[in-house]
Amino acid sequence: MLRTHTLKEASQLDGVEVKVCGWIHDIRVLGRIAFIILRDRSGFAQLTLIRGILGKEKFKEYTKLTRETVICARGKVQRTDQAKLGFEILPEEIEVLSVAETPLPLGVADKVSADMETRIENRFLDLRKPEVLSVFKVRSAILQGIRDTLISKNFLEVHTPKIVATATEGGTELFPVRYFEKEAYLNQSPQLYKQILMAAGFDRVFEIAPAFRAEEHNTTRHLNEFISIDVEISFADDEDAMRVLEESIANGIKYAVENEREALELLGMKWKEPELPFKRITYDEALSIINKNMDMEWGEDFSTEALKVLGEEIKDFYFITQWPLEIKPFYVMPYDEKYSLAFDLMYREKELSSGAQRNHRYESLVEIMKGKGLNPENFEFYLRAFRYGMPPHAGWGLGLERLVMIITGVKNIRECVIFPRDRTRLVP
Ligand code: AMO
């Protein structure tokens, strides 16, 4: 066994011999005594090195180790008021497992934050910073809370293909891939497949998987590869779908608050489980709020500026419902000639999720497709599923990174992905 305890586990002990491993965060030598601050995923420990105990040779060897070198230390844990952490480990032996070269391309212990480019290029070092790691602890917790919610509601977790033949969310944002002798694409959304699963009688499904969008714009809230949490529910309407969505979000936050309190504190975020239901406003109501400050036409999608106005007015989670049919995708259910049963979930000025009750009526679906300039023949595999018994259904897609951005308070969506894919970045 390389180690007996993580640093957090060791921090709970007193007078027990342990073997702990990690990275050297910092070393301070004060004559005959030296301190190594050791770091692992769970936290920090102070190794107190005393020359009189270790002997001159070992003391010299250990105090020359470079920052970020990986070591294991065997010694006794001792509670002490003198150490900032309330405990120290008095090593008898230190084993050097992997020496870190100097200088480091990115300082892990440094307070000053490097620019995003340098950080991503040296992401393995950047991720060693506790506050950077915290984002991923919170991300994992949110996901767990959401998954638990859906599983408890009897959803089936599924996976649909990511190499596909057609667009779903408008044809301009597709990445082509060579698929033997054919051209294929990376999927933008599991939309068509999750709907087909309703025809398959799966009743309620969810998928947590990457979605790919060849968006040209390089913004702080767009990625070219993101994780989409998708839900589809049979015998359900838009209101049913919204209820599952708000509950999923509330439980995701609750799970993070309960399980990653320290990580949230490190990020300076104070969350409590949000109260349900979230506010619902119609598109028309949103428009009249926006038009107190701007001059926006009915039927347009909300611009960044418009959403800012809205976000200033509603500083919380809220749904925008009853969107104009025109600006929503072909698969949403019309409410009447003008409006649809589509909704967006917002947090202040940020869009987190889109969803809708779907149009499950074959003839009407084909007609709307044609009206939007789409060729139904290209969607034959999808449309077939509507001809042999398709239940009414509703669902949504939630961008995981957008949600993580809000909960962790980071300003750039790239910080919510380990290795982000944006307009210019394909490596690492
Ligand atoms: P939509 O296209 O609105 O809807 O996407 C759903 C959610 O996915 C997230 N998202 C993104 N996140 C990061 N970078 C991007 N480039 C990006 N694009 C989208 C957002 C968005 O709200 N099929 C429908 C969903 C449905 O109706 O079920 C869809 O894909 O958080």
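Trainee: Why are H10 and H11 called roughly perpendicular to each other?

Mentor: This is a predicted model, in which local features need pLDDT of at least 70, side-chain atom pairs count only at pLDDT 80 or more, and totals for chains, interfaces and linings use all residues. Residues are numbered from 1 along each chain as its sequence is written, and side-chain values use heavy atoms, leaving out hydrogens and water. The axes of helix H10 (residues 283-290) and helix H11 (residues 304-313) cross at roughly 95°. Angles of 65 to 115 degrees count as roughly perpendicular, under 35 as roughly parallel, over 145 as roughly antiparallel and the rest as oblique; H10 and H11 are therefore roughly perpendicular.

Trainee: Which residues make the contact of these helices?

Mentor: Ala286, Ile289 and Ile290 of H10 meet Ala306, Val309, Leu310 and Glu313 of H11, where contact means heavy atoms within 4.5 Å.

Trainee: What makes the link of Cys21 to Cys72 a disulfide?

Mentor: The S to S distance is 2.1 Å, and a disulfide is a pair of cysteine sulfur atoms within 2.5 Å. The torsion about the S-S bond is about 100°, so this disulfide is right-handed. Cys21 lies in strand S1 and Cys72 in strand S4, so the pair ties together parts that are 51 residues apart in sequence.

Trainee: How do you know whether Cys21 and Cys72 are buried or exposed?

Mentor: Buried means under 20% relative accessible area, exposed over 50%, and partly exposed in between (1.4 Å probe, protein chains only). Cys21 has 11%, so Cys21 is buried. Cys72 has 1%, so Cys72 also counts as buried.

Conventions:
Axes are lines fitted to C-alpha atoms, for helices over the stretch in contact, and angles run from 0 to 180 degrees between N-to-C directions. Helices (H or I, at least four residues) and strands (E, at least two) are DSSP runs, numbered from the N terminus.
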